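Thanks for coming. I will go through a few side-chain pairs and then one hairpin. Please have the sequence and the structure in view.

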Amino acid sequence: MRILISNDDGIQAKGLEALVKAFCARKHTVIVSAPARQQSGMAHALNVGRPLELVRGEELAAKYGIEAWAVDGTPTDSVKLYLEALAEEKPDVVVSGINHGANLATDILYSGTVGAAMEGMLHDIASFAVSMDVDSTISYEEAAEEFATILERVMTAQKASDEPRPVFWNVNFPRAYTLGDDGRPQVVFGRQGKRDYHNAFQKQERTDGRIFYTVAGEIFDTDKSEPTDIYAVEHGYIAVTPLMVDLTDYVAIEKLLDR
């Protein structure tokens, strides 16, 4: 398979390299197009009218013998630029991650990791956003190997399907695995939960009178019931939430048509 890897932590991130290593070891064709620097919280933001500098990812290219690019832009810029300006052949899969920190519940709306994967889906390519709890005891290498196995199974099943269509999955690894009877990590499919933050902004007033606010806060989950993604990772499972890009409120349409 041809696999395009991106992220929002930047091209130097350990989670991205772990994916590169895992997929190269399995003899897949790997391409990297990732932000040149940290771009967390960028969601599906796109630069319009600003020139984006493109630099070869020499370190990854030399180490793994792959095509690698660092883009001076957002995660979405990185994927869109590669697919629409650089790619001579369309990749089979877009993978974004492995993010340093979970992307669960309503946080996915802010996630640059999810945003990069969404751009792949908008190009009708199977796409995966992969994240891991910031305090996880699972290494990036272990998570990458486990995810590579999941992806290969999904793509094989998709290819054999009578009506194959691209998948768009948000995947989160827990702090530690709860193993099944077979001794393997378990995957749980579920919906996104609801998450908010107490004291979300920290105020700082400087001696010159200027006032600054920093986004921070303590997690406050309003829905982590079974089978949400929050529930899954809190119980040691790999959480998979199938996503979609269609934001249409079909219930509202039906009500309006019934009037």
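Is Arg-191 buried, partly exposed or exposed? Arg-191 is partly exposed, and its relative accessible area is 38%. Keep in mind that this is a predicted model, and the values I quote are computed from it.

Arg-191 has a partner. Its side chain meets that of Asp-223 in a salt bridge, at 2.9 Å from N to O. Arg-191 sits in the loop between strand S8 (187-189) and strand S9 (194-198), while Asp-223 belongs to strand S12 (residues 218-223), so this pair ties together parts that are 32 residues apart in sequence. Arg-191, at 38%, is partly exposed.

How many does the structure hold? The count is 14. I will show two others.

Take Lys-63 and Glu-17, whose side chains form a salt bridge at 2.7 Å, N to O. Lys-63 is in helix H2 (residues 58-64) and Glu-17 is in helix H1 (residues 14-25), so the contact links parts that lie 46 residues apart in sequence. On accessibility, Lys-63 is exposed, with a relative accessible area of 54%. Glu-17 counts as partly exposed, at 23%.

Next, Arg-26 and Glu-152. Their closest N and O atoms are 2.7 Å apart, in a salt bridge. Arg-26 is in the loop between H1 and strand S2 (29-35), and Glu-152 is in helix H5 (residues 140-160), so the pair ties together parts that are 126 residues apart in sequence. Both residues are partly exposed: Arg-26 has a relative accessibility of 27%, and Glu-152 has a relative accessible area of 23%.

Arg-26 and Glu-152 also belong to a network. Through salt bridges that share partners, Arg-26, Glu-145 and Glu-152 are joined into one.

Now the hairpin. In which sense do strand S10 and strand S11 pair? S10 (residues 201-205) and S11 (residues 211-215) pair in the antiparallel sense, over 5 bridges. One of the bridge partners to look at is Ile-211 in S11, which is paired with Glu-205. Between the two strands of this hairpin there are 5 residues, and Gly-209 takes a positive phi near 95°.

Key: Residues are numbered from 1 along each chain as its sequence is written. This is a predicted model: local features need pLDDT of at least 70, side-chain atom pairs count only at pLDDT 80 or more; totals for chains, interfaces and linings use all residues. Side-chain values use heavy atoms; hydrogens and water are left out. Two strands pair if DSSP finds at least two bridges between them. Helices (H or I, at least four residues) and strands (E, at least two) are DSSP runs, numbered from the N terminus. A salt bridge is a side-chain nitrogen of Lys or Arg within 4 Å of a carboxyl oxygen of Asp or Glu. Buried means under 20% relative accessible area, exposed over 50%, partly exposed in between (1.4 Å probe, protein chains only).
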